Amino acid sequence: MLTRIKDLATKLAPRLIEIRRHIHSHPELSGQEYQTSAFVSGVLSSNGLHVQEGVGKTGVIGELQGTGNSERLLAIRTDLDALPIIERTGLEFASRSQGIMHACGHDVHTTVGLGTAMVLSQMAEELPGRVRFLFQPAEEIAQGASWMVNDGAMDKVSNILGVHVFPSIPAGSIGVRYGALTAATDELEIIIIGESGHGARPHEAVDAIWIASQVITTLQQAISRTQNPLRPVVLSIGQINGGRAPNVIADKVQLLGTVRSLHPETRANLPNWIEKIVANICYSYGAKYQVNYRQGVPSVQNDYFLTQLMQSAAEEAWGSDRVQVLPEPSLSAEDFSVYLEHAPGSMFRLGVGFKDRLINYPLHHPLFDVDESAIITGVVTMAYTAYKYWHQNC
Ligand code: NI
């Protein structure tokens, strides 16, 4: 069956590269993926899938019915959106939409999703159950997965597979990871309210800027003394707003930041921990405060069985030297985790790095580029994992 999948994928290669280039040159921002989803649904229906448009606002679902009567439903998720970045690759199929670029490889993900659908649709007689392809919008703003789930995308789904490109892994190879793959990502806003006054008479005022600087310094130091060093937490304040003039003491400062963690327990305690530190500092110096902690996406926790299934499928397809078991998670965000709250799943990293280039630019870089041979690696890995999902006695 592996040979058949590889043959089907190889025959599709020129068409898949065409598809990827088309999507790449017509990128759309999160929540505005109208053309991309129309294109995707066209390809899915012409390959005989049952298509549902407008799921999760601008998302698409394609469903493939196998010939057996297995109750199990396998979902395969890819994402459609691009980023507000000015592309500088100079490729002939570079972005034609000013200021928008597929700099996170979602054009490749969509193509891998479509390629897998095309391959599996030609071997539906080998599938005892259903495969549901989710093409989600708005991954970059970490909302599309929730929109899809709210529209029923995960109803009856038993398990889910996902993929993300990775430029530091060479094309032809993939990476799998057991357990945590990405971090829980939350948003933090702290408002410090002091008392304005003359810059020459600080003792008559409550200096919100100075207190805010105490808060930032204490939070960073306290992480190293009060958080378990084996359970990472990263807190970064990325924006400070406050003050009006050099000689006027500021009465209000707003701090905005991101908080990332890997363990659910650690994450659950963070809002209280932050508030206690802010409250104590503000109390000491007579300021008032507000802490707004907004939970974003959870950490992607890959399921053991499905990761093992992916690893063995990829090792059979490519040899074990082309399958890396990743030793470390990343503290980036990925809303694939939202689906995992509804069914166990696993996401693999698809190597897209050029072996002969000194620099493979990182994701979200205006020069980010992929070795397109990775598309076939992705399609075969995904399609064969899906096949094995029903044919392995576990
Ligand atoms: Ni991405």
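The paragraphs below go from the domains of this predicted model to their interface, and then to a metal site, a salt bridge and a loop residue. Residues are numbered from 1 along each chain as its sequence is written, and side-chain values use heavy atoms, with hydrogens and water left out. Local features need pLDDT of at least 70 and side-chain atom pairs count only at pLDDT 80 or more, whereas totals for chains, interfaces and linings use all residues.

The protein is divided into domain 1, made of 2-182 + 299-391, and domain 2, covering 184-297, with bounds that come from an automatic or database domain assignment. Between the C-alpha centres of the two domains the distance is 38 Å. Where domain 1 and domain 2 meet, 13 residues of domain 1 are in contact with 7 residues of domain 2, contact meaning heavy atoms within 4.5 Å. The two domains bury about 740 Å² between them, 69% of it on carbon and sulfur atoms; buried area is the accessible area (1.4 Å probe) that two parts lose on being put together, summed over both. On the side of domain 1, Ser299, Leu331 and Ala333 lose the most area to domain 2, together accounting for 61% of what that side buries.

Between domain 1 and domain 2 there are 0 salt bridges, a salt bridge being a side-chain nitrogen of Lys or Arg within 4 Å of a carboxyl oxygen of Asp or Glu. For the protein the count of salt bridges comes to 17. One of them joins Arg20 to Asp107, with the closest N and O atoms 3.0 Å apart. Arg20 lies in helix α1 (residues 2-25) and Asp107 in helix α3, so this pair ties together parts that are 87 residues apart in sequence; helices (H or I, at least four residues) and strands (E, at least two) are DSSP runs, numbered from the N terminus.

The nickel ion has as its protein donors Cys104 (SG), His106 (NE2) and His164 (NE2), which lie 2.2 to 2.3 Å from it. Donors are N, O and S atoms within 2.8 Å of the metal (3.2 Å for Na, K and Ca), and water is not among the atoms, so sites may look incomplete. Because His106 lies in helix α3 and His164 in strand β5 (residues 159-170), these two tie together parts that are 58 residues apart in sequence.

Ser95 lies in the loop between β3 (73-79) and α3 (106-121). Leaving aside residues up to four places away in sequence, Ser95 touches His24, Ser25, Pro27, Glu87 and Ile100.
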